[in-house]
Amino acid sequence: MQRIGVFVCHCGTNIAGTVDVAEIVEMAKPEPGVVHAAEYPYMCSEAGQNMIINAVKEHNLSGVVICSCSPRMHEATFRKAAEKAGLNPYMVEIANIREHCSWIHKDKAEATQKALTLTRAAIAKVQLNSPLFPDESPVTKRALVIGGGIAGIQTALDIADAGFEVDIVESTPSIGGKMAQLDKTFPTLDCAACILTPKMVDASAHENITLYTYSQVDKVEGFVGDFTVTIRKKARSVDFEKCTGCGACSEKCPSKKSPSEFDQGLCTRPAIYTPFAQAVPNVPVIDREACLKFKTGKCGLCETVCAPKAINFEQEDELVERKYGAVVMATGYEPVSLDKFGEYSYDSSPDVITSLEFERLTNAAGPTGGALTRLSDKRKPKSVTFIQCVGSRDVTQRGKAYCSKICCMYTAKHAMLIKEKYPDIEVNIFYIDVRTPGKAFDEFYRRAEDEYGVRYIKGQVGKVIDNGDHLQIQAVDMLDNKKMELQTDMVVLATAIEPVESAKSIATMLTASIDTNNFMTEAHPKLRPVESPTAGVFLSGVCQGPKDIPETVAQAGAAAAKVIGLLVKDKLMSNPCTAKPDELYCNGCSVCENVCPYGAISYEDCEVNDHGVREVRRVAQVNKALCQGCGACAVTCPSGAMDLQGFSNRQIQAEVDAICR
């Protein structure tokens, strides 16, 4: 029989305001195995923890039940307190009487009764608890950053500056991401390239950083501290070591009709190309789908003009396998598809463009040299109209239900840039709400309206009609509650943003969680915002949710700090609450192996002693470092051979019996 202590927290009035704490203490005293019960206003405080420590020593407690808030908040706190008192930390059980009782009930008697039931269940479980001990696993002191945008670059630089090696895997030929396509940044209107390019160069030149551009992650195995990752370096058909970046190959290439991805398809590029002038690495890549040599077997002009003989048409994809202690997701975002938004005439009118396309049009390095012109007739527009929330906050389910967070600010930026360069152009902005939550953001928006004379119209656009010479906008003025029509020369759509298409497949490889919008899920939105629920996987930038550049850089630094905190350790202690097979009952059916989301279960032929009869059987084996204790295997095992340490079938049944008393 265990010697159990029960400690009930008031949590100020969070619990005590709805639950009769004194009654729980009195109820707990006669329960089997309970030798001590007490209450305290704040059990998680230093005084409350000392109360637990002293009680463990004074009453020789072998198990502890804490009636308090969610174990996600303070289970680790109470386990450390028990360990200080000499008690195994896994002999601590939490009864969540705050979130499960006081916060969801108004009737005190009802809340108290439920709290009593949960307390009995926790006492019944701790009766069957046994000490658990974590295993040790080594840490590979190298980090992988997936994504080479500003989030990935900043994360890698911070980790590398701390003395650890970092690899950046970027799917495009150059690092830089979406920020490299921008002209200015809000709210300071700094040149985006002037801020980003030095960081790109620093990442390329850093002795601790290795760049894998034009590459992708093919496979991920292992666990925190010891990931094994297979990286596919796609064939550039250009030798990295020989290329000098002179550009002669691109200049002479006869196939120049492929849409430029960097310029959002507003101009064309050659089949052998460098994405942009400041690309890092400054090594071209051959688009094999556009290259005449690969399509017809003829041409090869780039090979002829290449003085250092860097062109290699025979080059093939290369697989690189590396070990890492931590992985950082920094996969970024892309604008949502406008296929379902035909009312804006985006597909039918060249003068209806997206905000990212507008960035390229107004960029000095863009397809028009920075001149704002209509794409239909190349003349300067007399008026430009912006439409906010295209695909964001969408209740029709064509777009995204969430706010994309950056659109209000970058639209204000675009409007100010137009008025600054072309004061005579009329600028209108249709909006639902203006959201400016960052430092100096509201002042920035008001400058656009007050100083630059930008006209903000609170209204929703129903249709954009291309009449040839101009665009006709049909909308509803929400302030005057009436229909309105507006003629304009250009329409710019502030499109929603979403995670890149590859984010979901990468998350699957990492066994990391994603939400319904395919954004990466953090372990805890307040307490662990840059950690994935999967140990060793961290989040940086827009892959976790919409955010602007300053917030992205801040999160990148936070993710780097977490990675550094992991890599400085020589060994990690694993969670002992893992699956454990009983070899006598295992029939080798592989059901548990098939349902394990972490790949922690394998099968081996083992010698089993079955009641004195020794025989070789195919039985399940659990890798404790990989196992996350989810319990899926225990639920599906048809023979009952698989159980979960710390949450065994007997313990769960004991809780159910206590609840049903």
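**Figure 1. A seven-stranded open sheet with mixed pairing.** Seven strands, in the order β20-β26-β21-β22-β23-β24-β25, make up an open sheet whose pairing is mixed. Strands (E, at least two residues) and helices (H or I, at least four residues) are DSSP runs, numbered from the N terminus, and two strands pair if DSSP finds at least two bridges between them. The edges are held by β20 (352–354) and β25 (482–488), each with a single partner strand, so one side of each is left without a neighbour in the sheet. From one strand to the next, the twist averages 40°; axes are lines fitted to C-alpha atoms, for helices over the stretch in contact, and angles run from 0 to 180 degrees between N-to-C directions. Helix α11 (residues 355–362) packs on the sheet and touches β20, β21 and β26, where contact means heavy atoms within 4.5 Å. The direction of α11 makes about 95° with that of β20.

The model is predicted: local features need pLDDT of at least 70, side-chain atom pairs count only at pLDDT 80 or more, and totals for chains, interfaces and linings use all residues. Residues are numbered from 1 along each chain as its sequence is written, and side-chain values use heavy atoms, with hydrogens and water left out.

**Figure 2. Strand β21 and its two parallel partners.** Strand β21 (residues 383–390) is mostly covered, eight of its eight residues being buried; buried means under 20% relative accessible area, exposed over 50%, and partly exposed in between (1.4 Å probe, protein chains only). β21 runs parallel to strand β22 (residues 426–431), to which five bridges join it. In this pairing, Thr 385 stands opposite Asn 428 of β22. Strand β26 (residues 490–495) also pairs with β21 in the parallel sense, over five bridges, and Ile 387 stands opposite Leu 493 of β26.

Figure 3. Together, β21, helix α12 (residues 407–421) and β22 make a right-handed β-α-β unit. A crossover is right-handed if, with the strands pointing away from the viewer, the path from the first strand over the helix to the second runs clockwise. Asp 424 lies in the loop between α12 and β22 and counts as exposed, at 55% relative accessibility. Leaving aside neighbours within four places in sequence, Asp 424 is in contact with Lys 380 and Lys 382. Between the C-alpha atoms of Asp 424 and Glu 170, 254 residues apart along the chain, the separation is 42 Å.

**Figure 4. A five-stranded open sheet with parallel pairing.** The strand order of this open sheet is β10-β7-β6-β18-β28, and the pairing is parallel. Its edge strands are β10 (209–212) and β28 (537–539), each of which pairs on one side only. The twist here averages 20° from one strand to the next. Three bridges connect strand β18 (residues 326–329) with β28 in the parallel sense, and Phe 538 in β28 is the bridge partner of Val 328. Helix α15 (residues 549–567) packs on the sheet, where it touches β6 (142–146), β18 and β28. The direction of α15 makes about 160° with that of β28.

Figure 5. The structure holds zero disulfides, a disulfide being a pair of cysteine sulfur atoms within 2.5 Å. Cys 291 is in no disulfide, and the nearest cysteine sulfur, that of Cys 302, is 5.9 Å away. Cys 291 is buried, with a relative accessible area of 8%. Cys 589 is likewise in no disulfide; the nearest cysteine sulfur belongs to Cys 637 and is 6.0 Å away. With a relative accessible area of 35%, Cys 589 is partly exposed.

**Figure 6. Domains and overall dimensions.** The domain assignment gives domain 1 (4–127), domain 2 (142–234 + 317–332 + 502–567), domain 3 (248–305), domain 4 (334–498) and domain 5 (579–645); the bounds come from an automatic or database domain assignment. Taken over C-alpha atoms, the centres of domain 4 and domain 5 are separated by 58 Å. The C-alpha atoms of the protein fill a box of roughly 85 × 65 × 45 Å along the principal axes. The secondary structure comes to 18 helices and 33 strands, and 52% of the 661 residues count as buried.
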